[in-house]
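Reader: I'm new to reading protein models. Could you walk me through a few features, one at a time?

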Amino acid sequence: LTISGIVIGIFALTTMGALAEHFNAMLENGVQAFATSIHVGPPYGQTAGLLPLTAARDIERVPGVAAVYATYEIQARPGGEQITFGPPDLITNEHRGAEAFGAPAMPIAAGRDLAPDERGEVVLGSAFASEFGAHPGSVIPLPVRPADAAAAFQTHRFAVVGVLTPIGTGLDNSAYVDDADAQMLLADTLPAALRGKVDPTTMAQGFQVFARPGESVADLDAIAGRIDAEVPVVQAQKPSAAVATFQSTGSTFTA
């Protein structure tokens, strides 16, 4: 009984330690992402989660802004039929060149990056590729059709051109497409009442805004305040608030 108790205790401690390390790695990636950029979305209280792409030009004119990327996120496995304890599988648009402004690097382990202006290509995170047994040269339908999908559910075939190196964060569970394909997938998710009334090629779900490399979190907070003051159609999240949330959550897992 004593030996069994010791074995169980060691197993429990090792398991909890591994879980804490895993979640803290993901949280650290969140800290890096939110400490180097400003996430901009619709104003608080706005029911529609879409923004006009023209707002990017207004944001670019705000003092201190160095680059603006439109953001799109579509569930890769809609329907909620799969239970997961990690980040969900997402289809998102690639932010080419964002590493120069402090965004997390995404090294490719196999294949290549997306070709400029090429449609129907996808680069997969390592966990995403492993889950579907995909590799460069294979074809994958996205989003994955749920078992209870309606007849009108749309899926599209994408050619896998690259697989990312395992990073141990939420990036491993993502599939990266170009902006045009992300807009096409976004159009499929629009409610029936909005289809035909909203042009997805003129909309974004949000923006990721970068300042010059080396700017502090306090500098980014000031830029976020200027974005709110000068671009009333958007709401900028102060990086300091997001970083504090990630750090608090990390302390909880460690404890």
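Reader: Let's start with contacts: which residues does T92 touch, not counting residues up to four places away in sequence?

Author: Contact means heavy atoms within 4.5 Å. By that rule T92 touches Y72, E73, S174, A175, Y176 and V177, leaving out residues up to four places away in sequence. Keep in mind that this is a predicted model, where local features need pLDDT of at least 70, side-chain atom pairs count only at pLDDT 80 or more, and totals for chains, interfaces and linings use all residues. Residues are numbered from 1 along each chain as its sequence is written, and side-chain values use heavy atoms, with hydrogens and water left out.

Reader: Where is the place of T92, and is T92 buried or exposed?

Author: Strands (E, at least two residues) and helices (H or I, at least four) are DSSP runs, numbered from the N terminus. T92 sits in strand 5, residues 90-93. For burial, under 20% relative accessible area is buried, over 50% is exposed, and partly exposed is in between (1.4 Å probe, protein chains only). At 13%, T92 counts as buried.

Reader: What about T36: which backbone oxygen lies 3.4 Å from a polar atom of its side chain?

Author: That's the backbone oxygen of G102. T36 is in the loop between helix 1 (2-35) and strand 1 (37-41), and its relative accessible area of 23% makes it partly exposed. Setting aside neighbours within four places in sequence, T36 is in contact with F101, G102, A103, F210 and L220.

Reader: Now backbone angles. What is the phi of D117?

Author: It's positive, about 60°, although D117 is not a glycine. You'll find D117 in the loop between strand 6 (108-111) and strand 7, and it's exposed at 76% relative accessibility. D117 is also one of the residues touched by D178. In contrast to D117's exposure, D178 is buried at 15%, in the loop between strand 10 (174-177) and helix 4 (179-189).

Reader: Which peptide bond is cis, with omega near -15°?

Author: The one from L142 to P143. P143 lies in the loop between strand 8 (139-142) and strand 9 (156-164).

Reader: Let's zoom out: how many helices and strands are there in the chain?

Author: Six helices and 13 strands. The radius of gyration, taken over C-alpha atoms, can be set against the globule rule, 2.2 Å times the number of residues to the power 0.38. For this chain it is 20 Å, close to the 18 Å the rule gives for 255 residues, so the chain is as compact as a globular protein of that length.

Reader: How much of the chain do buried residues make up?

Author: They make up 38% of the 255 residues. And among contacts between residues at least 6 apart in sequence, 74% join residues at least 24 apart.

Note on methods: Polar contact = N/O pair within 3.5 Å; in protein donor to acceptor, adjacent residues only side chain to side chain.
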